[in-house]
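Biologist: Could we go through this model together? I would like to begin with the pocket and then turn to the ligand and the sheet.

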Amino acid sequence: MCTLEKRGDLFFLTLTGDDDHRLSPAVIDSIITALSQVKAQATRGSALITTAQGNKFFSNGFDLAWAQAAGSKSGALDRLNQMVLSLKPVVAALLSLPVPTIAALPGHAAAGGFMLALSHDYILMRSDRGVLYMSEIDLGLPFPDYFAVMMRSKISSVSARRDVMQRAMKIKGEEAVRMGIVDSVHDSAKNTLEAAVRLGEQLAGRKWDGEVYAEIRKSMYPELCGVLGLAPKVIVPKL
Ligand SMILES: CCCCCCCCCCCCC/C=C/C(=O)SCCNC(=O)CCNC(=O)[C@H](O)C(C)(C)COP(=O)(O)OP(=O)(O)OC[C@H]1O[C@@H](n2cnc3c(N)ncnc32)[C@H](O)[C@@H]1OP(=O)(O)O
């Protein structure tokens, strides 16, 4: 599951538990609820930090064990598809949130978990542990449309995109910075979160208009907004 806390101007959405934070339907639902609360409570000068408990995983992606527990191939596919469809509104909520968003990774982010991280404006991760890893080709799974569009939209280097999508590269922090996927790396989970707090306070301190911030973010990723069903909103400038 996840918790949502507000400390000063910062919202902290934390994936809880000492496991690998698989994105099961229940976890995905709790994230959606938390993001709705952020949207409702956000003011000029808010920012969101999304992180996870423990120091090995941010999220290892969809809960394949739950899918396979369906007891049949078709049932497993249906459950996998259910998770694919239920994560889409999470991505849409992050793309349209009226606050700056930061993912602070205490460890690995794989597949759906990597997509959750990539749905944020900024990603900070550890240099000493943890990889970004799109395991789908290793699992013989195709990418959902919005996964592929997310990576096309947010990973600008063709070779980096190939290494992520077609080579299932396990990308460590320093490399992820070189590939333009991650903003900064830090030598522990604690220091990664502390850096995220500093960045969050810096961004929150700019006290941007949240509606304008969200529309500018959406204008940066028109194809992604299209696949998520996020229409641009006309903003009447407040002069
Ligand atoms: C109606 C029907 C319609 C049908 C349609 C159906 C749908 C079809 C569409 C399908 C959609 C697919 C989309 C799927 C999305 C998903 O999410 S599926 C789930 C995917 N998840 C996974 O595959 C999990 C992947 N994870 C892993 O493989 C591993 O957990 C890991 C991330 C690779 C981590 O492995 P692990 O061995 O646990 O790693 P560690 O022990 O932490 O590290 C290993 C060693 O490496 C060292 N290390 C780690 N990081 C670093 C670092 N940054 N720097 C240096 N060293 C590092 C670590 O210390 C370990 O070393 P040793 O301790 O020496 O072993």
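Modeller: A definition first: helices are DSSP runs of H or I with at least four residues, numbered from the N terminus. Please bear in mind that this is a predicted model.

Biologist: Which element gives the most to the lining of the largest pocket?

Modeller: That is H3, which contributes four residues to the lining. H3 and H5 are the elements that give two or more residues to the lining of this pocket.

Biologist: What volume does the largest pocket have, and how many residues line it?

Modeller: Its volume is about 380 Å³. The lining comprises 21 residues, and those nearest the centre of the pocket are Phe-62, Leu-64, Leu-80, Glu-136 and Leu-141.

Biologist: How does the lining divide by class?

Modeller: There are 14 nonpolar, five polar and two charged residues in the lining of the largest pocket.

Biologist: Now the ligand. Which residues come nearest?

Modeller: The ligand has 29 residues around it, and Phe-62, His-108, Arg-129, Gly-130 and Ser-135 come nearest. By class, this shell holds 13 nonpolar, eight polar and eight charged residues.

Biologist: Which residues place a polar backbone atom by a nitrogen atom of the ligand?

Modeller: Gly-130 has a backbone N or O atom 2.8 Å from a ligand nitrogen. For Asn-60, a backbone N or O atom lies 2.9 Å from a nitrogen atom of the ligand. A polar backbone atom of Asp-128 is 3.4 Å from a ligand nitrogen.

Biologist: How much of the ligand does the protein bury?

Modeller: The protein buries 65% of the 1400 Å² that the ligand exposes when taken alone.

Biologist: And which elements give two or more residues to the shell?

Modeller: They are helix H3 (73-95), strand S6 (108-110) and helix H5 (136-139). The largest share, five residues, comes from H3.

Biologist: Changing topic: in what order do the strands of the open sheet run?

Modeller: The four strands follow the order S4-S6-S8-S9, with mixed pairing. Strands S4 (57-59) and S9 (171-172) are at the edges and have a single partner strand each, so one side of each lacks a neighbour in the sheet.

Biologist: In which sense do S8 and S9 pair?

Modeller: Strand S8 (residues 131-133) pairs with S9 in the antiparallel sense, over two bridges. Leu-132 has Ile-171 in S9 as its bridge partner.

Terms used: Residues are numbered from 1 along each chain as its sequence is written. This is a predicted model: local features need pLDDT of at least 70, side-chain atom pairs count only at pLDDT 80 or more; totals for chains, interfaces and linings use all residues. Side-chain values use heavy atoms; hydrogens and water are left out. A residue is near a molecule or strand if one of its heavy atoms lies within 4 Å of it. A polar contact is a pair of N or O atoms within 3.5 Å; within protein, one must be able to donate a hydrogen and the other to accept it, and residues adjacent in sequence count only if both atoms are side-chain atoms. Accessible areas come from the Shrake-Rupley method with a 1.4 Å probe; for residues, only the protein chains shown count as cover. Ala, Val, Leu, Ile, Met, Phe, Trp, Tyr, Cys and Pro count as nonpolar, Asp, Glu, Lys and Arg as charged, and the others, Gly among them, as polar. On a 1 Å grid over the protein atoms alone, a cavity is a set of points where a 1.4 Å probe fits but cannot get out, and a pocket is an open set with protein on both sides within 12 Å along at least five of seven lines; lining residues have an atom within 4 Å of a point. Grid points are joined across faces, edges and corners, and a volume is the space filled by probe spheres set on the points. Two strands pair if DSSP finds at least two bridges between them.
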